[in-house]
Amino acid sequence: MMDKALIPEGVKRCPLPVFGIWLLVLLAFIGWGVYAGVAVLIQALHLTGLNDYFGFGLYITADLAIIALGAGAFFSGFLYYGLSRLFPALKELHKIINLAVIVGFVCYTGALAVLLLEVGQPLRAWFGYWHANVHSMLTEVIFCITCYAIVLVIEYVPIILSNRKLEAIRSARVFGHTLHDLMAIFALTGTFLSFFHQGSLGGVAGVLFARPFAYRTGFFIWPWTFFLFILSAIASGPAFTALVCRSMEAVTRKKLVDRSVYELIAKIVGTLLSIYIVLKIVDTVYWALFQSPQFGFNLGDYYRAPYGMWLLFVEIIVCGVLPTAALLYPRTRQSNIVMFLSFLLACVGVTINRFVMTIQAIAAPVMPFDKWEVYVPTVYEWAPIIAMIAYCALILSLSYRYLPLFPREKELNPTS
Amino acid sequence: MSEQGHKQGAVRFGMVIDLDKCTGCMACSVACQAENNISFREDESNKLRSISWMEVFYLDNDQDYANYQYTYLPRPCMHCDAPHHAPCTFVCPVNATTRDEENGIVGHIYPRCIGCRYCIVACPYHARDFNWWDPAWPEPMEAMLNPEVSPRMRGVVEKCTFCHHRLLKARAKAFLEEQDLYEVTYMPACGEACPTKAISFGNLNDAESQVAKLAKDPRAFRLLSKLNTEPKVYYLSKHEWVRKQGDKHFQNSNGNKRG
Ligand code: SF4
Ligand code: SF4
């Protein structure tokens, strides 16, 4: 292999040509998305399926979902660097923490790139810092996403510097190790920022006091959706990291982490999901039976095909209650199929939630003589989203090939 | 501080639209389009992307023939007076849309708007439109644009301003004539164009003004007032079904709410 010198010592990687073909496939998708994105920037947003009824669409939904799924980074960091001193069992997360950081990094940077397409005047995007409206949840989002993306870069750098070739350079090694020693500080800063960031994304919908579907009362300046978004993100984020790890194991046909890591994540996800789903049900009941009637709405006003009541059922029961139950019971958790299916359902559930709070929230008409409209995204919206996923896969593939991501890989896969 | 929760000047511009007089001729809409340099496209069939500051809605009572009734409802921006913020001004991340607490007009700073469309999502009245294309006017219309109103660039949001430029003009005149600037009233283009005089406009805080009196008329109602948006546009209708529908508690003959 031509790139042998770059590959971590003692582990096996696929031949370079095979890896090259895989990269080309990913690059083709990225190229397609970049082409579509540039077209949107040059020719404007009329290329999308957005309109004056659906001011937000696929870009925002995908961003909200990918950022929630990337929450595994900050939350695993918080558990490992922050809480493992009190709960030594959490030390097990050490085996997957590098992957969690990279998943977070790709999710956040990918989301940032798509966000730039979303604004009608991208060259003015910096006005968000300059003319900031402190009352706007979007301002909180802009500041938190920027700061946290910087923290993620700082967290990713020492992992990159642990590459064999780079380690050989003294200054790079010292810099990498120094950063590594400071990691607990960055991880906890990141946790703080990301809690706010996830929350403010929930706040974006919850503060819309003239949109009864989205509006929620709350605590101090934050609507309940602020807290629900944090909870759903920290519940599904680690599940997503575990799924990514499992997919890498399937592709590489290797064992990358001990099953005990998955077992621990299953317990964490199950516990958090149970808290989340109980609060979500309470929130939904209050919203449906008490809050909405005050505004002249009943539950039936909010749902109409294709945005039917099934969304509520799938989100709360199929992707909430079922995986919670499966992950909390040790017997069901023991089955790999059930465990990973539950992880998948949790991730689908959070994605549906973000869809509902973005698109369904504005599909339901507020004026009584208004018509229901349906939003259909165009290829100019799908392509950048698919490219974003390909970009995530690309960075993960490169990181896996050239960086020692999994501390137990060598022992778990002895090369004879 | 007023009971609205924000500092208020003595003036609160508002509008009253008498639906019993409105014939649905859309002169208001056309006048608004011309006055405010609203761009349009050759094919305007996609109404979800056409810009219309004064949109005329069609309401009916959902009854069968003989009992069937309908009305037109012109909808400008409501210049919501909700405490602290209008739904849209509350959410704008860059303060590109703000309410002037001196007169209650919700304005829009086009060169500052980043086009995130959060305000569009926040407004329950669909009063805001996005510029999906570069604005263009067919020859020779570009030479006929109103020099008092700046055209908007693509990628920003726009909406009814209560013809704010007319207020500025009226105040400039009052200033030259050494009159009290806060006594000045004016008429937006829609009200001027309405052939049946269905649209009144003025200072809602002036108890003697026509709008203040009409706003207290037993026929008066506001759109979706249950949402606490505090619209400064009032409607008049002698039909109870119109008033009820406007505030979202309309029941049809089956007892179902219309959506
Ligand atoms: S009607 Fe809509 S655009 Fe006008 S002030 Fe109210 S929320 Fe804002
Ligand atoms: S579209 Fe413009 S005015 Fe509306 S919220 Fe965004 S920046 Fe503010």
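Reader: What are the ground rules here?
Author: The model is predicted, so local features need pLDDT of at least 70 and side-chain atom pairs pLDDT 80 or more, while totals for chains, interfaces and linings use all residues. Residues are numbered from 1 along each chain as written, chains are lettered from A and ligands numbered from 1 in written order, and side-chain values use heavy atoms, without hydrogens and water.

Reader: Start with chain A and chain B. How many residues are in contact?
Author: 53 residues of chain A are in contact with 54 of chain B. Contact means heavy atoms within 4.5 Å.

Reader: And what area is buried between them?
Author: About 4,800 Å², with 59% from carbon and sulfur atoms. That is the accessible area (1.4 Å probe) the two parts lose on being put together, summed over both.

Reader: How many salt bridges cross that interface?
Author: One. Glu118(A) and Arg117(B) pair through their side chains at 2.5 Å, N to O. A salt bridge here is a side-chain nitrogen of Lys or Arg within 4 Å of a carboxyl oxygen of Asp or Glu.

Reader: Are Arg117(B) and Glu118(A) buried or exposed?
Author: Both are buried. Buried is under 20% relative accessible area, exposed over 50%, partly exposed in between (1.4 Å probe, protein chains only).

Reader: Switching to ligand 2. Which residues are closest?
Author: 14 residues surround ligand 2, and the closest are Cys92(B), Cys113(B), Cys116(B), Arg117(B) and Cys119(B). Near means a heavy atom within 4 Å.

Reader: How does that shell divide?
Author: Ten nonpolar, three polar and one charged. Ala, Val, Leu, Ile, Met, Phe, Trp, Tyr, Cys and Pro count as nonpolar, Asp, Glu, Lys and Arg as charged, and the others, Gly among them, as polar.

Reader: Now H1(A). What does it pack against?
Author: Its buried residues pack against helices H2 (58-69), H4 (97-118) and H16 (379-402) of chain A. Phe19(A), Leu23(A) and Ile30(A) are among those buried residues.

Reader: What comes just after H1(A)?
Author: Ala44(A), with a positive phi of about 90°.

Conventions:
Helices (H or I, at least four residues) and strands (E, at least two) are DSSP runs, numbered from the N terminus.
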